[in-house]
Amino acid sequence: MIYKLSFAIALCFSLCFDLSIGESYVLDDKIGLGRTFDGIGGLSGGGATSRLLVNYAEPYRSQILDYLFKPNFGASLQILKVEIGGDAQTTDGTEPSHMHYENDENFFRGYEWWLMREAKKRNPNITLIGLPWAFPGWVGHGKNWPYDFPDITASYVVSWILGAEQYHDLNIDYVGVLRDTLDKVGLTGVGIIAADGNWDVSNAMGVDPYLNDAVEVVGAHYPGTTTVIEALKTQKKLWSSEDYSTFNDEVGGGCWARILNQNYINGLMTATISWNLVASYYEDLPFGRDGLMTAEEPWTGNYVVESPIWITAHTTQFSQPGWTYLQTVGHLVHGGSYVALTDSKGNLTVVIETMTHDHSVCIRPPLLPFNVTAQNVTFQLKGSFASIKELQVWQSKFDFKTKKPFFFKKLSPLKIYDGSFTLSLDVDAVYTLTTISTGQKGTYPDPPASGPFPKVYFDDFNVANPSFSEAPYFADQTGVFEYYINLTDPGPHVFTLRQVVTQMPVTWATDADQTISVIGDYKWQNLTVMCDVFMETVKTGGVFIAVRVDKGGQSVRSAKGVFFWVFADGSYKVTNDLVGKTVLAEGLSGTRAYGWHTLTLTVEGEYATGLLNGYPLWKDAVVLGPKNGWAAIGTHSFELAQFDNFAVEVK
């Protein structure tokens with residue numbers, strides 16, 4: 001007992017009462033308060049970053065959601081921003097629109113509705129934001145620009161907001177759209193974020209009173225923790241409305257820790273939103289594992305609670321939107337930073353980070369050199385905080401030297417003497433000191449072990465009432481492939497997967513001219529893919545199955561692999577690329593639109609063979625590369641086509 005007491009005293013003195021007092025800092029509310037804290041959040045979309053999450057079986061899917069949204073459990077996120085799907089490639093894939101066509105509305109496509117409901121179920125106070133990254137082609141009237149017809153664009157976004165409320169009981173808090181359009185339909189409570197890109201809109205707001213009055217939040221992407229004088233002059237809320245975008249290893253966690261504090265200290269930004277929420281897409285797509293946690297194996301149930309989850313908890317579990325930053329926040333003399341927040345009811349939360357340069361680099365923008373060293377700091381509590389006698393203490397330590405990090409560890413409470421306390425701060429650490437006692441490091445039993453995509457896989461798409469419009473594991477890269485029920489088909493193909501986008505969408509990314517959806521394991525080399533296909537475009541229609549597809553996301557246009565095409569004009573082609581320029585074999589196939597055909601593609605080593613309806617159509621085509629990649633299905637252009645009985649066997 002004496003030994004345990006002595007150890008506890010030694011630990012407390014090491015952390016709390018190192019008498020070699022260093023720099024002193026004041027935490028005071030009597031001089032006034034700073035800006036109101038609006039929360040920390042995650043972004044699902046931009047694009048298709050939560051694609052694989054919906055395919056997790058229970059209980060693992062709910063566990064992942066708890067780590068993200070459940071208060072006092074994990075990240076306890078306070079904001080969820082989602083993509084308003086636009087049928088277009090927007091980074092890692094395509095998310096379906098609620099209006100594929102001008103006379104079409106369906107508010108049950110995709111998974112963002114479901115995700116918002118699940119987030120709201122766990123945290124009824126969560127802030128919901130919608131933003132379009134792209135638009136269906138009809139919105140642009142043939143142009144790759146959505147703002148030549150602003151009324152159409154605004155009405156399109158408003159219909160999404162109204163659908164969220166009418167069909168899912170979800171009230172959207174913020175969106176980027178015209179103020180008068182919202183007001184006309186009674187959406188006066190929906191705030192506007194502008195321009196959700198950079199700070200330039202603040203220049204226009206300074207000379208346009210109408211615009212200035214319409215905008216509630218000035219949002220910037222990847223601001224590097226700084227703002228501009230024009231944005232400050234607007235006197236609006238300033239948000240980092242998209243940030244982070246960094247691999248979620250410990251350096252990524254360090255990036256997140258640094259910017260969560262310094263976005264306010266350097267730029268007076270009161271909300272920070274991570275792109276992305278959860279890395280739930282194939283890791284070999286662009287920006288693999290750039291989420292707050294990783295959930296990319298629904299076939300095993302494996303997921304990983306990464307360090308950014310617990311770095312988020314240092315703030316979100318101990319301060320809520322509506323709290324206020326103190327004016328007495330800033331940088332530590334020997335590197336690092338501290339923020340302090342209060343609810344103006346006697347509660348105080350202080351978050352300190354001491355991340356070094358090389359252990360906190362974000363993917364963008366470039367980070368200028370700086371130094372951080374271990375240091376002793378003394379905090380003086382003044383104003384209404386002078387009477388505080390004890391603070392709860394939580395610590396995370398990255399520990400790059402010993403490779404033995406720990407995250408969100410509750411330490412012994414810190415006693416306050418004469419209104420001050422002293423800490424010995426290590427480098428690459430995060431500390432929370434707070435009057436709030438409800439913090440918790442939530443846990444679940446370890447999920448199943450990690451494992452590759454199954455080597456034998458089959459899907460006949462026979463789901464009468466699917467929970468989601470997408471088939472499991474298919475990651476649409478260009479175009480949209482949805483469950484389809486053909487009530488006019490009395491045969492075996494009533495339930496199919498159908499490509500439904502018939503016009504090039506309006507998008508900032510480079511969509512391919514061909515639609516494509518990938519599936520499986522990027523490491524696959526030798527395998528057979530079989531699928532029934534049905535073309536719906538006479539003469540010019542075409543479909544393909546493919547293996548060893550080596551690119552997706554924004555790079556999908558330049559994807560290589562082995563592509564087996566058949567066309568409605570009765571021909572076939574085998575190409576080494578998605579664009580169809582490098583031809584390995586070609587000839588007559590007899591295929592036509594409005595009839596089912598079975599394609600089989602086998603690749604082994606440097607040779608590929610294709611069957612049509614079970615009979616050899618071509619064989620021993622020499623494969624020029626690549627060595628490995630996903631399986632895929634797709635169409636010759638933006639056209640209607642159906643797929644059924646998809647099967648893979650890997651050798």
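In the predicted model, Trp-138 has a relative accessible area of 11% and is therefore buried, the limit for this class being under 20%. The ring of Trp-138 pairs with that of Tyr-156 in an edge-to-face arrangement, with 5.9 Å from centre to centre and 75 degrees between the planes. Trp-138 belongs to the loop between β6 (134–135) and α4 (150–168), whereas Tyr-156 belongs to helix α4, so the pair ties together parts that are 18 residues apart in sequence. Tyr-156 is likewise assigned to the buried class, because its relative accessibility is 1%. This pair is one of 48 aromatic pairs in the structure. Ring pairs also join Tyr-67, Phe-73, Tyr-303, Trp-310, Phe-318, Trp-394, Phe-408 and Tyr-444 into a cluster.

According to UniProt, in an unreviewed entry, residues 37–317 carry the annotation "domain: Glycosyl hydrolase family 59 catalytic". This span is 33% helix and 19% strand, and the C-alpha atoms at its ends lie 13 Å apart. The annotation "domain: Glycosyl hydrolase family 59 C-terminal lectin", also taken from an unreviewed UniProt entry, covers residues 476–649. For residues 476–649, the composition is 0% helix and 55% strand, and the end C-alpha atoms are separated by 21 Å.

Helix packing was examined for α2 (residues 60–69) and α3 (residues 112–122). The axes of these two helices are 10 Å apart and meet at an angle of about 65 degrees. The crossing of α2 past α3 is right-handed. On the α2 side, the contact is formed by Arg-61, Ser-62, Leu-65, Asp-66 and Phe-69, and on the α3 side by Trp-114, Leu-115, Glu-118, Ala-119 and Arg-122. Five of the residues in this contact are nonpolar, one is polar and four are charged.

Within α2, Leu-65 has a relative accessibility of 1% and therefore counts as buried. When residues up to four places away in sequence are set aside, Leu-65 touches Leu-53, Lys-70, Trp-114, Leu-115, Glu-118 and Arg-122. Between Leu-65 and Ile-79, which are 14 residues apart along the chain, the C-alpha separation is 14 Å.

The buried positions are Glu-112, Trp-113, Trp-114, Leu-115, Met-116, Glu-118, Ala-119 and Arg-122. The packing partners of these buried α3 residues are β3 (39–44), α2, β4 (79–83), β5 (127–131) and α4.

Phe-544 counts as buried because its relative accessibility is 0%. Residues up to four places away in sequence excluded, the contacts of Phe-544 are Thr-515, Ile-516, Phe-563, Phe-564, Trp-565, Leu-578, Ala-632, Ile-633, Gly-634, Thr-635 and Phe-643. The C-alpha atoms of Phe-544 and Phe-567 are 8.8 Å apart in space, while the two residues are 23 positions apart in sequence.

Backbone geometry was also considered. Ala-194 and Ala-195 are joined by a cis peptide bond, with omega at about -10 degrees. Ala-195 is part of strand β8 (residues 191–197). A cis peptide bond is likewise present between Gly-625 and Pro-626, where omega is about -5 degrees. Pro-626 is placed in the loop between β36 (615–622) and β37 (630–635).

For Ser-245 the value is about 50 degrees, and the residue is located in the loop between β10 (237–244) and α9 (250–267). With a relative accessible area of 1%, Ser-245 is buried. For Leu-268 the phi angle is about 55 degrees, and this residue occupies the loop between α9 and β11 (271–275). Leu-268 has a relative accessible area of 29% and is therefore partly exposed.

Methods. Residues numbered from 1 in each chain as written. Predicted model: local features only at pLDDT ≥ 70, side-chain atom pairs only at ≥ 80, totals over all residues. Heavy atoms only, no water. UniProt positions renumbered as here; feature names shortened; annotations may be inferred. Helix = DSSP H or I, 4+ residues; strand = E, 2+ residues; numbered from the N terminus. Axes fitted to C-alpha atoms, helices over the stretch in contact; angles between N-to-C directions. Left-handed = near helix turned anticlockwise from the far one by under 90°. Contact = heavy atoms within 4.5 Å. Nonpolar A, V, L, I, M, F, W, Y, C, P; charged D, E, K, R; others polar. Phe/Tyr/Trp six-rings, centres within 6.5 Å; stacked < 30°, edge-to-face > 60°. Buried < 20%, exposed > 50% of the residue type's maximum accessible area, 1.4 Å probe, protein only.
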